[in-house]
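Welcome! Take a moment to look over the sequence and the 3D view below, and then we can walk through two places together.

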Amino acid sequence: MTMIGDYAKSDTGDEALQDLASDVFATALLKAPIKNPEASINELYAYSTTPTLSNTTSHKTGYTKILDPDTNEPYTFYPLDWYENGKSYPTRPDPHDWLDGYYDDDLWWALAWINAYDVTSDPAYLTLAEGIFIAVSRSWGTYCSHGGIYWNWEKDYVNAIANELFFNTAAHLANRVNHDEKKTLYLYWAERSLSWFLGSGMINELGTINDGLTEDCENNNKTVWSYNQGVILGGLVELYQASTSPSFACLVLASEIANAALVALSDKNGVIHDECEPKCGGDGAQFKGIFMRNLVKLHTVAPDKAFSDAIRVNAASIWERDRAVTVDGLPVFSVNWAGPWVTPANASTHSSAMDALVADIVID
């Protein structure tokens with residue numbers, strides 16, 4: 001959904017593309033909530049001070065995520081009957097329908113609805129994103145310096161992606177709300193969450209970002225995932241644009257992280273890889289595209305030949321080496337952008353590769 005929104009923003013004169021994006025947003029708004037296996041669990045535990053609730057009997061669920069013990073790649077598991085859960089269609093957009101107890105999931109939706117607002121100018125999408133963000137903000141305050149947010153409702157892990165998304169969403173909202181008090185609120189959250197993140201230790205001595213923190217609030221030295229290097233870039237660009245007195249420090253920091261990431265994640269030909277390849281799960285298969293969509297956002301405000309070269313190299317490699325053709329003659333992309341194409345191609349691998357292709361369109 002976000003990739004399609006970015007594609008629509010890259011060519012606002014294409015009416016068919018604009019209509020397609022609008023239809024996708026409207027369909028998701030209508031149909032996605034009835035497939036949410038854990039709506040409103042955030043609210044259930046928003047004010048709990050219990051460090052972990054995994055052993056309580058008040059809430060049992062078959063929906064969970066586990067982290068690979070070596071890399072911390074997340075894998076999602078759903079209840080057996082989650083897809084036929086019997087809910088009715090929502091009658092109006094309600095942020096509670098988009099909460100599932102994993103705060104990164106919630107905030108991905110918030111950013112997707114902000115993107116939908118950018119394309120359509122429909123205020124309902126922005127209001128929905130605000131509601132999701134406010135719900136997540138109630139979880140602020142971890143066992144690490146009493147700041148940041150946890151990964152999920154169990155409150156047993158403080159990681160990079162949830163906190164980067166919180167910062168990124170707040171900065172996005174600060175740029176889009178029309179009310180001064182709201183802008184002040186979202187700027188406050190963006191600056192507060194960034195300050196906490198920079199002091200957390202998740203950025204290592206090489207300038208890249210590890211997956212999260214230990215129970216002792218030290219860098220856990222887990223995998224340097226591409227999406228963790230990307231999401232913060234988009235947030236820093238948005239904060240720079242939202243600030244009443246813009247500081248180039250945001251763009252300098254973003255450029256330092258982006259360049260460090262390109263060094264750490266690129267192969268000898270400049271193609272980006274994640275540690276899980278070629279057997280990434282549904283989450284891991286999308287990580288590189290998230291990096292590329294945020295890298296091009298940084299490049300548009302702080303142009304750097306290293307960024308444009310990386311985008312072009314990866315897009316070209318995807319098209320030339322990671323493309324298969326279906327029986328209908330349509331191209332599909334897999335997880336290894338350097339090739340060769342490996343099975344499967346699915347929504348995660350294809351949309352991730354498309355993020356890089358859309359980024360290439362943006363810089364051309």
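Which backbone nitrogen does the side chain of E277 reach? The side chain of E277 reaches that of D274, at 2.7 Å. Keep in mind as you explore that this is a predicted model.

## Getting to know E277

To find E277, look in the loop between α9 (249-265) and α10 (287-301). Is E277 buried or exposed? Its relative accessibility is 17%, so E277 counts as buried, the cut-off for buried being under 20%.

Besides reaching the backbone nitrogen of D274, the side chain of E277 makes a polar contact with the side chain of K288, at 2.8 Å.

## Where two helices meet

Now turn to helix α6 (residues 160-176) and helix α8 (residues 226-242), whose axes come within 8 Å and cross at roughly 25°. Because of that angle, α6 is roughly parallel to α8, as angles under 35 degrees count as roughly parallel. The crossing of α6 and α8 is left-handed.

Which residues make this contact? From α6 they include I161, L165, F167 and H172, while α8 contributes, among others, Y227, V231, I232 and L239.

Key
Residues are numbered from 1 along each chain as its sequence is written. This is a predicted model: local features need pLDDT of at least 70, side-chain atom pairs count only at pLDDT 80 or more; totals for chains, interfaces and linings use all residues. Side-chain values use heavy atoms; hydrogens and water are left out. Axes are lines fitted to C-alpha atoms, for helices over the stretch in contact, and angles run from 0 to 180 degrees between N-to-C directions. Helices (H or I, at least four residues) and strands (E, at least two) are DSSP runs, numbered from the N terminus. Angles under 35 degrees count as roughly parallel, over 145 as roughly antiparallel, 65 to 115 as roughly perpendicular and the rest as oblique. A crossing is left-handed if the near helix is turned anticlockwise from the far one by less than a right angle, and right-handed if clockwise. Contact means heavy atoms within 4.5 Å. Buried means under 20% relative accessible area, exposed over 50%, partly exposed in between (1.4 Å probe, protein chains only). A polar contact is a pair of N or O atoms within 3.5 Å; within protein, one must be able to donate a hydrogen and the other to accept it, and residues adjacent in sequence count only if both atoms are side-chain atoms.
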